Amino acid sequence: MLKKRVFIFLMGILLAWQSFVGEANALKLSEKVRTIPLNEEGDMITLSNQEVAKGAALFKDNCAQCHIQGKTKTNPNVTLSKQALANALPARDNLLGLMDYIKHPTSYDGEEDLSLLHMNTERPDLWPEIRNYTEDDIKALAGYILVQANADPKWGNLSLIDN
Ligand code: HEC
């Protein structure tokens with residue numbers, strides 16, 4: 001009887017420990033994946049796991065409805081893949097470029113202001129969803145997109161996505 005209780009007690013500890021380790025692992029990305037271009041000059045920056053997790057949550061809340069898996073629902077040509085971001089003008093495959101887009105979105109060739117058409121933080125009257133974003137939130141969100149593009153070759157890559 002006592003043996004059985006000890007056994008159950010030990011199993012309980014083991015299960016609790018396993019789920020604790022499992023959760024910790026789920027949030028841990030390698031430093032390589034978290035290291036992304038900072039600017040067009042080729043400087044790099046490494047985000048923390050916490051920043052990436054925060055960016056993922058913001059993306060899920062406000063962007064995933066159109067940009068799930070890095071695709072773009074209403075304009076499939078302008079995805080969030082590394083390649084698409086790299087070829088935009090100015091280039092958006094770096095943290096500062098992407099942060100700038102979240103503040104002042106422009107057309108793919110950089111010619112037209114899209115702030116009336118695409119959500120952004122500079123027109124809180126039009127886009128209340130992201131009105132309260134701080135500079136840190138914008139950094140986390142932009143960073144998450146680039147980390148995701150690093151980690152997953154399917155991200156935004158139409159030829160690899162099987163619908
Ligand atoms: C209602 C749908 C919708 C939502 C919501 C949305 N987007 Fe977009 N996004 C688009 C469309 C459409 C485009 C293409 C715009 C164009 O014609 O250039 C786009 C383009 C982009 C681009 C440019 C991609 C490139 O390859 O140059 C980025 C970056 C982007 N969105 C980020 C975001 C982020 C971050 C959020 C959440 C805060 C968001 N979008 C929310 C529809 C949406």
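This is a predicted model: local features need pLDDT of at least 70, side-chain atom pairs count only at pLDDT 80 or more; totals for chains, interfaces and linings use all residues.
Me: Let me step back to the whole chain. How many helices and strands are there?
Reply: The protein chain has seven helices and two strands. Along the sequence, the pattern runs α-α-β-β-α-α-α-α-α. Of the 163 residues, 24% are buried.

Me: What share of the contacts joins residues at least 24 apart?
Reply: Take the contacts between residues at least 6 apart in sequence. Of these, 53% join residues at least 24 apart.

Me: Now helix packing. At what angle do α6 and α7 pack?
Reply: Helix α7 covers residues 135-151. α6 packs with α7 at about 120°, and their axes are 9 Å apart. That angle makes α6 oblique to α7, because angles over 145 degrees count as roughly antiparallel and 65 to 115 as roughly perpendicular. The crossing of α6 past α7 is right-handed.

Me: Which residues make the contact?
Reply: From α6 come Leu95, Leu98, Met99 and Ile102. From α7 come Ile138, Lys139, Leu141, Ala142, Gly143, Ile145 and Leu146. By class, the contact of α6 with α7 has nine nonpolar residues, one polar and one charged.

Me: What lies in the loop between α6 and α7?
Reply: Thr121 is one of the residues there. Thr121 and Ile102 are 19 residues apart in sequence, yet 6.5 Å apart in space, C-alpha to C-alpha. Leaving out residues up to four places away in sequence, Thr121 touches Ile102, Lys103, Ile130, Tyr133 and Ile138.

Me: Why does Thr121 count as partly exposed?
Reply: Count the neighbours. A buried residue needs 20 or more other C-beta atoms within 10 Å, and an exposed one has 12 or fewer. Thr121 has 19 C-beta neighbours inside 10 Å, so it counts as partly exposed.

Me: What should I expect of the backbone, in phi and in peptide bonds?
Reply: Most residues other than glycine have a negative phi, and most peptide bonds are trans. Gln69 has a positive phi of about 60° although it is not a glycine. Gln69 sits in the loop between α4 and α5. With 18 other C-beta atoms within 10 Å, Gln69 is partly exposed.

Me: Which residues does a cis peptide bond join?
Reply: The cis bond joins Leu89 and Pro90, with omega about -10°. Pro90 is in the loop between α5 and α6.

Notes: Residues are numbered from 1 along each chain as its sequence is written. Axes are lines fitted to C-alpha atoms, for helices over the stretch in contact, and angles run from 0 to 180 degrees between N-to-C directions. Helices (H or I, at least four residues) and strands (E, at least two) are DSSP runs, numbered from the N terminus. Angles under 35 degrees count as roughly parallel, over 145 as roughly antiparallel, 65 to 115 as roughly perpendicular and the rest as oblique. A crossing is left-handed if the near helix is turned anticlockwise from the far one by less than a right angle, and right-handed if clockwise. Two residues are in contact if their C-beta atoms, placed from the backbone, lie within 7 Å. Ala, Val, Leu, Ile, Met, Phe, Trp, Tyr, Cys and Pro count as nonpolar, Asp, Glu, Lys and Arg as charged, and the others, Gly among them, as polar.
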